[in-house]
Structure formats: C-alpha cells, structure tokens
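Here is a short report for a reader meeting this structure for the first time. Look over the sequence and the model, then read on.

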Amino acid sequence: MCIATIGAFCISDYKEAIAVMLFYSVGEIFQAYAVNKTRTSISSLMDLKSDYANLLVGEEIKKVAPEEIKIGDEVKVGEKVPLDGVVLEGASTLDTSSLTGETLPRNVSKGDEVLAGVVNLTGIINLKVSQVYEDSTVSRILDLVENAASKKAPIEQFITRFARIYTPTVVFLAVAL
C-alpha cells in the first residue's frame, strides 16, 4: 500500500493515492471487526467448560476438576453439566442452546442422555458419567475451535504458496515499471 501510494504521488495522481489509502483503511476496519467478532464467539465457547464437578462418593459430595472424573462415576448436577452422562436420578429442564442452537429448553429424566456444556435450569439431577472429559462433547468442540486455524483447506494452502511468489513478483514489476 505504501509503494502504491508513493507511486501515485510521484506521478501526481492524488485521487489514486487517496483511493488506495481509503480502501486500505476501510479494509482494515472490516478486518478488525471480523477478528473481534470471532474472538467474542470463541470466548463464549470457552464458557461452556465447567470449572468443577460435584462427584458423589457414597453420601458425600466432593468438588473435583472434570478431568479427574472416570467413566461410571456419579456426578450431582445443579447448574452447568460438566461431563456427558445418563440421568440416574431426578428430572430437570436443560438449556441446550449453547451446543445445539435450539431455543426451546429440553426436559430430561431418568435414563436420558445429557451432554456436557448444557445448563441445568430447574432441578438437580444425578448423572452416571459416560465419557471422560477428554472425550466429552465440550472438550471436542473446544479442540476443534483451537485447531481450526492450523488446519487449512487444500485451496487455502495453494493460495498461500501462490501468494509467496506472486506478491513479491508484482511489487518488483511495479517498481521496475
């Protein structure tokens, strides 16, 4: 952009110089907006993860990290569901919108499957954990989001390689011209 602007000034084409700077600035504004929107979306995804799980050991409840829970453990859920599981006791209404986009709450009772990351709205339920944290729905979603940037589509990889050669060539030819 600097080379194009300086070149336009050198040939006294001030309208072109202003247009280059204006279009570049507008492009930067749109890019900043898109990046901020993406950051906000990713931050809201990070809120899906529970900080702790209420592990039932006999009649006692222990607050532990979801990563410490094993398949078959029983977890008492009163707010955010920390792990995937099957309802053993109780009934409740769950807000699944954060995972599925479904606006209507979902009623669950004994025997129903529940996914990690949903919010428990009304009652307290006991879950039998069916997936360790690393294999839970929330963990897989967060992993996909974190690794999405590193996994480019073949066309994106081609364009990146093409731009490495094309851009310096065009700039060199413009300066030579």
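This is a predicted model: local features need pLDDT of at least 70, side-chain atom pairs count only at pLDDT 80 or more; totals for chains, interfaces and linings use all residues.

## Strand pairing

Three bridges link strand S1 to strand S3 (residues 74-77), and the two run antiparallel.

Strand S1 itself spans residues 53-57. Four of its five residues are buried, so S1 is mostly covered, buried meaning under 20% relative accessible area.

## The hairpin turn

S1 and S2 make a hairpin. Two residues lie between the strands. Gly58 sits in this turn, with a positive phi of about 70 degrees.

## A nonpolar surface patch

Which residues form the nonpolar patch on the surface? They are Phe9, Tyr14, Ile18, Met21, Leu22, Val26 and Phe30. Together they have about 700 Å² of accessible area.

Helix H2 (residues 14-46) gives the most to this patch, with six residues. Phe30 is found in helix H2. Is Phe30 buried or exposed? Phe30 counts as exposed because its relative accessibility is 57%, and the cut-off for exposed is over 50%.

Ser12 lies in the loop between helix H1 (2-10) and H2. Its backbone stands out on one point: Ser12 is not a glycine, although it has a positive phi of about 60 degrees. Ser12 has 47% relative accessibility, so it counts as partly exposed.

## Cysteines without a bond

How many disulfides does the structure hold? It holds zero. A disulfide needs the two sulfur atoms within 2.5 Å. Seen from the other end, the closest cysteine sulfur to that of Cys10 is the one in Cys2, at 13 Å.

Cys2 is exposed, with a relative accessible area of 60%. Cys10 counts as exposed too, at 63% relative accessibility.

Conventions. Residues are numbered from 1 along each chain as its sequence is written. Side-chain values use heavy atoms; hydrogens and water are left out. Buried means under 20% relative accessible area, exposed over 50%, partly exposed in between (1.4 Å probe, protein chains only). Two strands pair if DSSP finds at least two bridges between them. Patches are made of residues with over 30% relative accessible area and no salt bridge: like charges are joined within 9 Å, nonpolar side chains (Val, Leu, Ile, Met, Phe, Trp, Tyr) within 5 Å. Accessible areas come from the Shrake-Rupley method with a 1.4 Å probe; for residues, only the protein chains shown count as cover. A salt bridge is a side-chain nitrogen of Lys or Arg within 4 Å of a carboxyl oxygen of Asp or Glu.
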